[in-house]
Amino acid sequence: MGKTAKKTVALTPFLICLYKIQSIMHIETIAIHAGNQTDEKTGAVIQPIVLSTTFERAEDGSFPSGYSYSRSANPNRTMLEKVLTHLEGGADAASFATGNAAGMAVFQSLKPGTHIIATEDMYHGLRNQIKNLFVGILEFDFIEVNDQAELKRRIRPNTGLIWIETPSNPLLKITDIKSTISIARQHNIKVACDNTFATPVCQQPLSLGADLVMHSATKYFGGHSDLTGGALITPVKDEWWQKIRQVQEMGGAVPSPMDCYLLARSIKTLPYRMRGHVHNAQLLAEFLLKHPKVEAVMYPGLPAHPQYEVAKSQMSGFGGMLSFTLKDGEQEAKRVINKLKIFTRATSLGGVESLVEHRASVEGPDTKTPLNLLRVSVGLEHIDDLIADMTQALD
Ligand SMILES: *Cc1c(COP(=O)(O)O)cnc(C)c1O
């Protein structure tokens, strides 16, 4: 009985303390402590990985641990969802096997016939999901959400969701989160924000009024290019959230206990990794801006960025992603990408290693991405080495 009672205590002393003084807790501290529970049985400081798919019932048929079957919940997933909740300042989080699975859960949670307005340059994998899997189920428009007149014009009586992504992929466009939300509120429309590029270290959409935050945890949260994951974070446990939880638990597109453990482990260093990414990206962007072969640099931390002021007002750091275009066109972009030595030619982003890709090739024939554009995930190598590599490739 004593043992059972102990198991039901879900909160560590740290978390109880966190609830009380969260307003003065900094993100570095949350990242390290909120996703970990010291093991009561062994005293292990780091929470063990629980691989068991099933959990024992008590004699009365109940589940004293609160766990019954790993698709519904697992101790490692619980702790991952706790740290995600606290990082974004939400009320709850649901984790998924990939970012796309998180997006899918959102679309599946909407009533058939709901109209979605999404940013034109929404992550192409999610745009394809809506366009291919929800035809005849959901209605949708892809528009320039920042054009407020256009946004107001496209709102219909059945519009239920505005989906924004800021900074966007791969053009690093900034959507004004607050003004989008204020328009949405007037029409009782929810706003979801894909916060993958910024991470909660650089931007916290819930604090600006967003109704849902989405992440590809494959990127900065994982941070080491060795796992896939996704997350949704909500400011309230309302009816919509219950539906999303149902999709998660009944659909089962959930991360394994091992991946939950790895993610919680990686998140501990997220705030410090982000500082490094932001520092390196800013300096690389400034270097590229001055280079005679470079046509344009897209990075929200440059005063030349068309939405620099908006970025400054809603971000506490400008992230680690940038794109640039070359004056001599597609062939030159492809020449440069092949000459880089430290930057690896690969898709994805957010890892400690720098990656570069010719984005239009990745997005396929219907891409609107300029053919002379290279997208860079600026890693945590020394910035002097990154600039030296870029210099030799451009020359
Ligand atoms: C990668 C990515 C996704 C999709 O996440 P997966 O983990 O690849 O399924 C969604 N949004 C953005 C901005 C991304 O970069």
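Where does Ile183 sit? Some notes on that and on a few other spots follow.

1. Ile183 belongs to helix 8, residues 177-186 (helices are DSSP runs of H or I, at least four residues, numbered from the N terminus). This is a predicted model, where local features need pLDDT of at least 70 and side-chain atom pairs count only at pLDDT 80 or more, while totals for chains, interfaces and linings use all residues. Residues are numbered from 1 along each chain as its sequence is written, and side-chain values use heavy atoms, with hydrogens and water left out.

2. Ile183 counts as buried because its relative accessible area is 3% (buried is under 20%, exposed over 50%, partly exposed in between; 1.4 Å probe, protein chains only). Leaving aside residues up to four places away in sequence, Ile183 touches Gln148, Leu151, Lys152 and Ile155 (contact is heavy atoms within 4.5 Å). Thr218 is 35 residues from Ile183 along the chain, and their C-alpha atoms are 31 Å apart.

3. Over to helix 11, residues 257-267, which holds Met258. With a relative accessible area of 38%, Met258 is partly exposed.

4. Helix 4 (residues 75-88) packs against helix 11 at an angle of about 35°, the axes being 8 Å apart (axes are lines fitted to C-alpha atoms over the stretch in contact, and angles run from 0 to 180 degrees between N-to-C directions). Helix 4 brings Asn76, Arg77, Leu80, Val83, Leu84 and Leu87 to the contact, and helix 11 supplies Pro257, Cys260, Tyr261, Leu263, Ala264 and Ile267.

How values were computed:
Helix = DSSP H or I, 4+ residues; strand = E, 2+ residues; numbered from the N terminus.
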